[in-house]
Amino acid sequence: MAHRLAGKVAIITGAGSGIGRASAQLFAAEGAQVMCADIVTAHVEETARLIGAQAIAATVDVTRPADIERMVAQTLAAFGRLDVLYANAGIGEASNAIDMTIEQWDRMIAVNLTSVWLSAKYALPHMIAGGGGSIINQSSTAGLIGIPDLPHYSAAKTGVIGLTRQIAAEYGPRNIRCNAICPSSIPTPLVSRVWEQRARDAGSTASLAEQQATVAARHPMRRIGTLSDCANLALFLASDESAWISGAAVPLDGGLTAT
Ligand SMILES: NC(=O)c1ccc[n+]([C@@H]2O[C@H](COP(=O)([O-])OP(=O)(O)OC[C@H]3O[C@@H](n4cnc5c(N)ncnc54)[C@H](O)[C@@H]3O)[C@@H](O)[C@H]2O)c1
């Protein structure tokens with residue numbers, strides 16, 4: 001079977017771990033050349049090493065415009081074009097609207113929302129120059145429904161959906177598609193940290209496995225997600241198979257937000 005991303009060049013932020021690493025590996029397996037970007041140098045270099053010659057790595061703090069501009073420039077220098085941007089980097093933290101500080105709010109908005117705009121800002125001109133492209137923004141079910149203890153995270157992820165629709169509307173005529181992925185729980189270091197924090201705040205001794213079973217039971221499909229569930233959706237949105245899908249916020253949640 002032909003590779004689904006043959007000839008395409010992709011940037012994936014947050015590629016040093018979890019969903020970003022799994023997606024970088026899948027995109028490369030489907031023929032893409034991939035710029036793997038992350039704030040943790042050792043992790044993102046390991047992702048590129050696992051992939052091999054089709055990947056390059058860059059240390060990038062997605063909150064810094066100069067880093068994003070360099071990431072895009074390095075991609076163009078190495079691979080000569082840009083077709084796909086997967087703005088996936090993010091952080092998670094439990095808090096509440098009363099106790100949260102302005103520093104917590106500002107950091108969350110910077111990493112999980114402003115970075116998505118910055119990535120598009122520097123990627124779009126090159127995608128347009130190349131005849132078009134696909135932007136995939138990482139949102140969350142927290143961008144679709146209210147979830148207790150995630151006020152700043154929910155605000156950022158809802159903002160990502162708004163920005164996704166705006167980019168789809170404005171740049172569709174230039175053959176740019178822009179879609180958001182809205183996952184529920186997928187086991188990654190980000191989720192483990194939030195679950196551990198929740199248990200601490202609640203004075204609970206529940207293990208991660210016990211919390212996972214509780215969360216899984218809330219989903220109609222009675223399981224949480226996998227890295228492959230998310231990477232496969234990102235692959236579809238990156239590929240020409242989704243050529244007429246733009247401005248969508250796709251739930252990836254085993255039916256959770258349908259209930
Ligand atoms: N895992 C889930 O259940 C879930 C659900 C919904 C949405 N998401 C979103 O998926 C994305 C990926 O998360 P994950 O679950 O794979 O977590 P993860 O912690 O495994 O990966 C996140 C990556 O982002 C990187 N990162 C963090 N801050 C950065 C910065 N300032 N600059 C560059 N890179 C930075 C981290 O170093 C890490 O490698 C995030 O946007 C997250 O909000 C995850």
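1. A residue counts here as buried if 20 or more other C-beta atoms lie within 10 Å of its own, as exposed if 12 or fewer do, and as partly exposed in between, with C-beta atoms placed from the backbone. Serine 185 has 22 C-beta neighbours inside 10 Å and therefore counts as buried. Serine 185 sits in the loop between β6 (176–183) and α6; helices (H or I, at least four residues) and strands (E, at least two) are DSSP runs, numbered from the N terminus. Leaving aside neighbours within four places in sequence, serine 185 is in contact with Val191, Val215, Ile224 and Gly225, where contact means that the C-beta atoms, placed from the backbone, lie within 7 Å. A separation of 8.7 Å is found between the C-alpha atoms of serine 185 and threonine 141, which are 44 residues apart along the chain.

2. On the basis of the note: this is a predicted model, in which local features need pLDDT of at least 70, side-chain atom pairs count only at pLDDT 80 or more, and totals for chains, interfaces and linings use all residues. Residues are numbered from 1 along each chain as its sequence is written.

3. The chain is divided into domain 1 (9–184 + 226–249) and domain 2 (185–224), with bounds that come from an automatic or database domain assignment. Taken over C-alpha atoms, the centres of domain 1 and domain 2 are 24 Å apart. Domain 1 puts 14 residues into the contact and domain 2 puts in 12 residues. On the domain 1 side, α1 and α8 (227–238) each supply at least two residues, and α8 gives the most, with three residues. By class, that side of domain 1 has six nonpolar, five polar and three charged residues. The classes are: Ala, Val, Leu, Ile, Met, Phe, Trp, Tyr, Cys and Pro nonpolar; Asp, Glu, Lys and Arg charged; the others, Gly among them, polar.

4. The ligand lies between the two domains, because domain 1 and domain 2 both give residues to the shell around it. There are 30 residues around the ligand, and Gly14, Gly18, Gly90, Thr188 and Leu190 come nearest; a residue is near if its C-beta atom, placed from the backbone, lies within 6 Å. The elements giving two or more residues to this shell are α1 (18–29) and α6 (189–202). Its make-up by class is 13 nonpolar, 15 polar and two charged residues.

5. Strand β2 (residues 33–38) is largely enclosed by the rest of the structure, because six of its six residues are buried. Gln33, Met35 and Ala37 point one way from β2, while Val34, Cys36 and Asp38 point the other way. In a regular strand the side chains alternate between the two faces of the sheet.

6. β2 pairs in the parallel sense with strand β1 (residues 9–13) over five bridges; pairing requires that DSSP finds at least two bridges between the strands. Methionine 35 in β2 is the bridge partner of isoleucine 11. From β1 the chain crosses through α1 to β2 in a right-handed β-α-β crossover, that is, with the strands pointing away from the viewer, the path from the first strand over the helix to the second runs clockwise. β2 also pairs in the parallel sense with strand β3 (residues 55–59), over five bridges. Here valine 34 stands opposite alanine 55 in β3. The crossover from β2 through helix α2 (residues 41–51) to β3 is right-handed.

7. Aspartate 149 has a positive phi of about 75° although it is not a glycine. Aspartate 149 lies in the loop between β5 (133–138) and α5 (151–171).

Terms used: Contact = placed C-beta atoms within 7 Å.
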